[in-house]
Amino acid sequence: MSILEVKNIEKHFGATKVLNDVSFSLEEGQALAIIGSSGSGKTTLLRCLNFLETPNNGTITVKGNTLLDASLGKKMTDAELRKNRLHFGMVFQSFNLFPQYTALENVMLAEQLLAKEQPDYKANKKKIMEEIREHGCQLLTQMGLQERMNHYPHQLSGGQQQRVAIARALALKPDILCFDEPTSALDPELTGEVLKVIRSLAEQKTTMIIVTHEMAFARDVADQVIFMDDGYIVEQGVPSEVINNPKEERTRQFLARYLG
């Protein structure tokens, strides 16, 4: 059974149609790479999945539960949005860390806020906070940042900041981890360390959606690849087909630019 089913997603900004009838599914433990030129709709698709944007049409289903059915025309409450977003962890291009918090505090923050909504929080505050701190330390150690936990973002390299952002996205144990061009703000040397972390997550069978311009990485790590152009899915399949042997002329043109 698919962990994620996306059907007929459309998104308009005024008269501009940014997503056109986008449909795909994702199995648990798989990594999906989404490739395409800037402006093809990749980031908007991720934002729709994370409920940062509301699609004009289509459905989003996670683990058999329909989180969104745009045809109903029902506006979600803030509580529903927060609940739906918990299914997805989001890693942005530009890290988006809070500068006033240390690396560990950035990772702990979402868990702390969620814990405060639990009925037993006041009675068990000390124990809950200790567990959250321990979990945060484990995640940063997993990212190779055990020596940087008490550093502030300005004291970290871009690659280190992005690894903190990945740990933060993992903190709430999302069903699906989403990356929006996670290396686009990094120089080549730092790109490698972030891709190494994502590769490790793929080896651990973390379910992921990765918007990327790193074609070789997508070919090596992804179980599926989607090529988007002008808001449409032009081609999708396993990397050996889409990247190594594309069927569509538009896909071939795009890959010729990136693969030389």
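Is Asp21 buried, partly exposed or exposed? Asp21 is partly exposed, with a relative accessible area of 44%. Keep in mind that this is a predicted model.

Most residues other than glycine have a negative phi.

Strand β2 belongs to an open sheet of four strands, with the order β2-β1-β4-β5 and antiparallel pairing. The edges of this sheet are taken by β2 (16–27) and β5 (65–69); each has a single partner strand, so one side of each is left without a neighbour in the sheet. On average, neighbouring strands here are turned by 15 degrees against each other, direction ignored.

At the β5 end, strand β4 (residues 57–62) runs antiparallel to β5, and four bridges join the two. One place to look is Thr61, whose bridge partner in β5 is Thr66. Helix α1 (residues 42–49) packs on the sheet, where it touches β1 (2–13), β2 and β4. The direction of α1 makes about 65 degrees with that of β2.

**Another positive phi**

Lys205 also has a positive phi without being a glycine, this time of about 65 degrees. You'll find Lys205 in the loop between α6 and β8 (208–211). Lys205 counts as exposed because its relative accessibility is 55%, and the cut-off for exposed is over 50%.

**Cysteines**

How many disulfides does the model have? The count comes to zero. For Cys48, the nearest cysteine sulfur belongs to Cys178 and is 12 Å away, whereas a disulfide calls for sulfur atoms within 2.5 Å. Cys48 is buried, at 1% relative accessible area, while Cys137 is partly exposed, at 23%.

**Two buried threonines**

Thr251 lies in helix α9 (residues 249–259). With a relative accessible area of 0%, Thr251 is buried. Leaving aside neighbours within four places in sequence, Thr251 is in contact with Phe227, Val234, Glu235, Val242 and Pro246.

Thr183, by contrast, is a loop residue, placed between β7 (176–180) and α6 (188–203). Thr183 is still buried, because its relative accessible area of 8% falls under the 20% cut-off. Not counting residues up to four places away in sequence, Thr183 touches Thr191, Val194, Leu195 and Glu214. Thr183 and His213 are 30 residues apart in sequence, and their C-alpha atoms are 8.7 Å apart in space.

Here are some of the accessibility values side by side.

| Residue | Relative accessible area | Class |
|---|---|---|
| Thr251 | 0% | buried |
| Cys48 | 1% | buried |
| Thr183 | 8% | buried |
| Cys137 | 23% | partly exposed |
| Asp21 | 44% | partly exposed |
| Lys205 | 55% | exposed |

**The largest pocket**

Which element gives the most to the lining of the largest pocket? That is α3, with five residues. At least two lining residues each come from α2 (78–85), β6 (88–91), α3 (103–115) and α5 (158–170).

Conventions: Residues numbered from 1 in each chain as written. Predicted model: local features only at pLDDT ≥ 70, side-chain atom pairs only at ≥ 80, totals over all residues. Heavy atoms only, no water. Buried < 20%, exposed > 50% of the residue type's maximum accessible area, 1.4 Å probe, protein only. Contact = heavy atoms within 4.5 Å. Pairing = 2+ DSSP bridges. Axes fitted to C-alpha atoms, helices over the stretch in contact; angles between N-to-C directions.
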